[in-house]
Amino acid sequence: MISIIPKDITTQELHGYLLGAIGPRPIAFVSTIDEKGRPNLSPFSFFNVFSANPPILIFSPARRVRDNTTKHTLDNVEKVGEAVINVVTYEIVQQMSLSSTEYPEGENEFIKAGLTMLASDLVKPFRVAKSPVQFECKVTKIEPLGKEGGAGNLIFSEVVKIHLNPNILDENGSIDQYKIDQVARMGGNWYSRANKGMFEVPKPLSSLGIGVDAIPEGIRNSTVLTGNDLGKLGNVEKLPSRIEIGEFIGSQQGISSLAANNDLQSIHRKAKEYLDRNDVLSAWKLLLANEL
């Protein structure tokens, strides 16, 4: 491992390591307005949701590393105290990127990026029409994290109204994670398109899973099964019964002979195939078959 003390390198180098290592990061496409009523639009990847009651989103416009100046977004929320946080999708990622250009104060990034403004209902800043989710927010607090270039400014934004495009909802009215087609920021010029790389990890059981430590040692020390495989195996409430295992072995063509040969490597490879398909119960039945 290469070990680094942050104070021993430049802020620019540290910034690169942080952004390269911590990602993908959600993007807040933030619309604000200045005291003269002029719109501003800018993306920020130092962003997330931090509370549901009250509903609080926080984004952080950092002071510029090169000259320690602040961004128009920060200046605007300090004076007006309102913002709209728009969700960024693949459909608008290029326009979003263009809006990050440092145009002069008062320049309308909606126009420069070719994005349509929608009037908000409860706050002054405009919404991005093409964004499928738009959060109207009141700024409740601004927390500066430092005074030097690179220092963040946490903007606590309480959601007062949410706008949802019905095209991203499923039949139950929930947001469909494929339809929303979000993008996220990574290091350098890189982004990630969420729905092209999505995979599901079932949450741990509400009742206790047995845990990896309860997996028999011969399985736990497998050279075939990975840590992720063991995590799936440990997330079951109880092991299959001898009857269940026997019925499984007898009903699956080829499995009975595989289990009878007691070739652990082959058994573990087959169990891994089940795990890769998220068929954890079948994997357990096969792994425990030689104990019958």
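Analyst: **The second largest pocket**

In this predicted model, the second largest pocket holds about 570 Å³ of space (an open set of points on a 1 Å grid where a 1.4 Å probe fits, with protein on both sides within 12 Å along at least five of seven lines; the volume is that filled by probe spheres set on the points). Its lining has 28 residues (those with an atom within 4 Å of a point), and Pro26, Phe47, Val87, Ile180 and Gln182 are the closest to the centre.

Strand 3 (47-52) gives the largest share of this lining, five residues. Strand 4 (55-59), strand 8 (133-144), strand 9 (153-164) and strand 10 (183-185) each supply at least two (strands are DSSP E runs of at least two residues). By class, the lining has 22 nonpolar, five polar and one charged residues (Asp, Glu, Lys and Arg count as charged; Ala, Val, Leu, Ile, Met, Phe, Trp, Tyr, Cys and Pro as nonpolar; the others as polar).

Strand 8 also carries Lys138, whose side chain forms a salt bridge with Glu82 at 2.7 Å, N to O (Lys or Arg nitrogen within 4 Å of an Asp or Glu carboxyl oxygen). Glu82 belongs to strand 5 (residues 82-87), so the pair ties together parts 56 residues apart in sequence. Glu82 is buried, at 7% relative accessible area, while Lys138 is partly exposed, at 33% (buried is under 20%, exposed over 50%, partly exposed in between, with a 1.4 Å probe and protein chains only).

Residues are numbered from 1 along each chain as its sequence is written. Local features need pLDDT of at least 70 and side-chain atom pairs 80 or more, totals for linings use all residues, and side-chain values use heavy atoms, without hydrogens or water.

How values were computed
Helices (H or I, at least four residues) and strands (E, at least two) are DSSP runs, numbered from the N terminus.
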